[in-house]
Amino acid sequence: MLQHFSEYEAIEARDRLWIKAIAPLLQATTADPAPNPRVQFALDRMRIAACERIARILSSDLADPSA
């Protein structure tokens, strides 16, 4: 039981670190797009991936609706 709790705590700590690393990517940026469209595309994709990752992390906190 104690080992299971330790594993759970390790997962929670990892998820918190992920959120702390990803959240700054989602902060508001300037209204001006990047001068190079390829760079802007890459930045947009990075923000989308960050949103998806945070959504997966936070959705794991929700109770299973079938339970």
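I take buried as under 20% relative accessible area, exposed as over 50%, and partly exposed as in between, with a 1.4 Å probe and protein chains only. By that rule I looked up D44, which is partly exposed at a relative accessible area of 35%.

**Ground rules.** The model is predicted, so to speak of local features I need pLDDT of at least 70, and for side-chain atom pairs 80 or more, while totals for chains, interfaces and linings use all residues. Residues are numbered from 1 along each chain as its sequence is written, and side-chain values use heavy atoms, with hydrogens and water left out.

**Overall.** I find two helices and zero strands in the protein. These are DSSP runs numbered from the N terminus: H or I of at least four residues for helices, E of at least two for strands. Of the 67 residues, 10% count as buried. I noted an accessible surface of about 5,800 Å², with 64% belonging to carbon and sulfur atoms. Accessible areas come from the Shrake-Rupley method with a 1.4 Å probe; for residues, only the protein chains shown count as cover.

**Helix 2.** I checked residues 37–59, which make up helix 2. The 23 residues reach 33 Å from the first C-alpha to the last, close to the 33 Å expected. The expected span is 1.5 Å times one less than the number of residues. Q40, A50, I54 and I57 are buried in this helix. At its start, a side-chain oxygen of N36 comes to within 2.8 Å of the backbone nitrogen of R38. I count a polar contact as N or O atoms within 3.5 Å; within protein, one must be able to donate a hydrogen and the other to accept it, and residues adjacent in sequence count only if both atoms are side-chain atoms.

**Salt bridges.** I searched the whole structure and found two. The rule is a side-chain nitrogen of Lys or Arg within 4 Å of a carboxyl oxygen of Asp or Glu. R47 and D44 form one of them, at 3.7 Å, N to O. Both lie in helix 2, three residues apart, about one turn of the helix. An α-helix has 3.6 residues a turn, so residues three or four places apart point the same way. R47 is partly exposed at 21%. I also placed R47 against I22: 25 residues apart in sequence, 8.8 Å in space, C-alpha to C-alpha.

D15 and R14 also meet in a salt bridge, at 3.4 Å, N to O. D15 is buried at 10%, whereas R14 is partly exposed at 43%.

**Ring of W18.** I find the charged end of R53 over this ring, 4.4 Å from its centre. The test is NZ of Lys or CZ of Arg within 6 Å of the ring centre and within 35 degrees of the ring normal.
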